[in-house]
Amino acid sequence: MGRSVLIVDDSNIMRQFIKNALPPELGPALWEARDGAEAVALYETHHPDLVFMDLTMPVMDGVEALTRIMALDPTATVIILTADIQAKSRARVMDLGAAAFARKPPTPDSLMDALAQADQHRREHP
Amino acid sequence: MTASTILKPDELELLQEIMNIAFGQAAAELAELIDIFVVLSLPEARVVPTTEVPVLIVNELAGDGPVSMVEQAFWGQFQGSAFLLLPSNSSQELVYLLGNTGIGGAPILPPKELEKETILEVGNILIGACVSKLAELLEDTMSYNPPTAVMECHPSTVFPITSWEPGSTAIVLKTLFRFSGKNVSGFLFLLTSQDSIAWLRRALASFLGRYA
């Protein structure tokens with residue numbers, strides 16, 4: 001059984017890209033959210049092993065959702081997957097507890113790298 | 001020709017996502033240059049008659065004060081013009097943020113010239129980063145005209161609608177941005193004519209083939 005995954009992005013197409021690029025060891029349990037509020041609710045219900053989170057979203061953005069998820073579960077593994085690649089954005093979300101940061105568009109290689117980064121982060125911050 | 005016959009909803013959504021990535025690249029390059037944090041809105045892709053573009057722009061700009069605009073034309077297989085619109089107080093704040101010697105230590109200029117020089121440089125960086133990323137994602141190669149600036153115009157008169165064919169349709173790709181903690185905000189958008197549509201549809205299909 002692979003690790004369960006929550007994908008959070010307001011774009012249906014981008015969620016499909018992420019699903020297609022997921023490393024094979026993830027899933028099959030998978031949930032999708034279209035904004036941060038849905039993500040927090042799904043996290044609370046299912047406690048997925050891994051979250052791929054966009055930053056710029058309607059209703060509740062990824063920074064707020066990350067903050068709330070980390071408050072619910074300080075051991076949550078959240079990978080930020082975003083087009084906002086500013087160094088300060090990265091620093092901000094890593095300070096808030098994100099386990100890795102990857103840029104869009106996702107590819108199998110970039111998600112594999114992000115996963116390795118997240119696993120390392122979890123080992124260093126158990 | 002209606003919006004729906006030019007691009008289907010899923011093509012517009014994909015284009016919006018591609019623009020999100022391109023605008024993100026532009027913000028990152030500017031943030032690195034002047035050590036600020038750029039807050040981007042959700043990007044939007046729309047197909048509108050060119051005659052409606054000025055109204056759309058005026059509606060997007062907060063307030064009725066003067067604006068400054070940088071325009072830069074680009075062409076590859078995808079071609080059009082990119083625009084950076086800033087309320088005039090934002091362009092003055094940019095001069096302050098970039099320092100009074102201008103980018104790259106250029107000589108001090110009279111204030112109005114310095115302001116124009118500054119927004120030309122900022123426009124060039126934002127537009128160049130955005131359009132280059134767009135070209136990379138859609139596997140195109142772009143050439144650019146030098147940017148031009150129009151300073152302190154009323155929003156309703158700043159847009160050069162006369163340069164567009166009457167009855168033509170434009171794809172408007174836009175994002176609003178602001179600098180966190182600073183009095184700078186603006187509006188970055190690309191306009192492309194319907195002449196690019198056939199190529200654009202093929203490029204979007206090819207992008208989908210690579211990622212979907």
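D35(B) forms a salt bridge with K88(A). The closest N and O atoms of this pair are 2.9 Å apart. The model is a predicted one, and this pair links its chains A and B. Between chain A and chain B the count is two salt bridges. Five residue pairs are in polar contact across the interface of chain A and chain B, both residues of each pair being at pLDDT 80 or more.

On the chain A side, two helices each supply at least two of the residues that touch chain B: α1 (12-21) and α4 (87-95). The largest share comes from α1(A), with five residues. By class, this side of chain A has nine nonpolar, seven polar and six charged residues.

How much of each chain takes part in the contact? Chain A gives 22 residues and chain B gives 23 residues. The area buried between chain A and chain B is about 1,900 Å². Carbon and sulfur atoms give 64% of that area.

Salt bridges also occur inside a chain. Over all chains the count comes to 14 salt bridges. One pair within chain A is R68(A) with E64(A), where the closest N and O atoms are 2.8 Å apart. Both residues sit in helix α3 (residues 62-72) of chain A. They are four residues apart there, so about one helical turn separates R68(A) from E64(A).

Now follow the backbone of chain A. P28(A) lies in strand β2 (residues 26-33) of chain A. Another cis peptide bond joins K104(A) and P105(A), with omega about -5°. P105(A) is in a loop, the one between β5 (100-103) and α5 (108-124) of chain A.

H47(A) is in the loop between α2 (36-46) and β3 (50-53) of chain A.

Turn next to chain B and the packing of its helices. Helix α4 (residues 88-98) of chain B packs against helix α5 (residues 111-137) of chain B. Their axes are 9 Å apart, and the angle is about 85°. α4(B) and α5(B) are therefore roughly perpendicular to each other. From α4(B), the residues in contact are S88(B), S91(B), Q92(B), L94(B), V95(B) and L98(B). From α5(B), they meet K112(B), L114(B), E115(B), T118(B), I119(B) and V122(B). The residues of this contact divide into six nonpolar, four polar and two charged.

A further helix pair in chain B is α2 (residues 9-34) with α7 (residues 197-211). The axes come within 11 Å and cross at roughly 75°. That angle makes α2(B) roughly perpendicular to α7(B). On the α2(B) side, the residues are E11(B), L14(B), L15(B) and I18(B). On the α7(B) side, they meet L200(B), R201(B), L204(B), F207(B) and L208(B). What classes of residue make up the contact of α2(B) with α7(B)? Seven are nonpolar, none is polar and two are charged.

Key:
Residues are numbered from 1 along each chain as its sequence is written. Chains are lettered from A and ligands numbered from 1 in the order in which they are written. This is a predicted model: local features need pLDDT of at least 70, side-chain atom pairs count only at pLDDT 80 or more; totals for chains, interfaces and linings use all residues. Side-chain values use heavy atoms; hydrogens and water are left out. Axes are lines fitted to C-alpha atoms, for helices over the stretch in contact, and angles run from 0 to 180 degrees between N-to-C directions. Angles under 35 degrees count as roughly parallel, over 145 as roughly antiparallel, 65 to 115 as roughly perpendicular and the rest as oblique. Contact means heavy atoms within 4.5 Å. Ala, Val, Leu, Ile, Met, Phe, Trp, Tyr, Cys and Pro count as nonpolar, Asp, Glu, Lys and Arg as charged, and the others, Gly among them, as polar. Buried area is the accessible area (1.4 Å probe) that two parts lose on being put together, summed over both. A salt bridge is a side-chain nitrogen of Lys or Arg within 4 Å of a carboxyl oxygen of Asp or Glu. A polar contact is a pair of N or O atoms within 3.5 Å; within protein, one must be able to donate a hydrogen and the other to accept it, and residues adjacent in sequence count only if both atoms are side-chain atoms.
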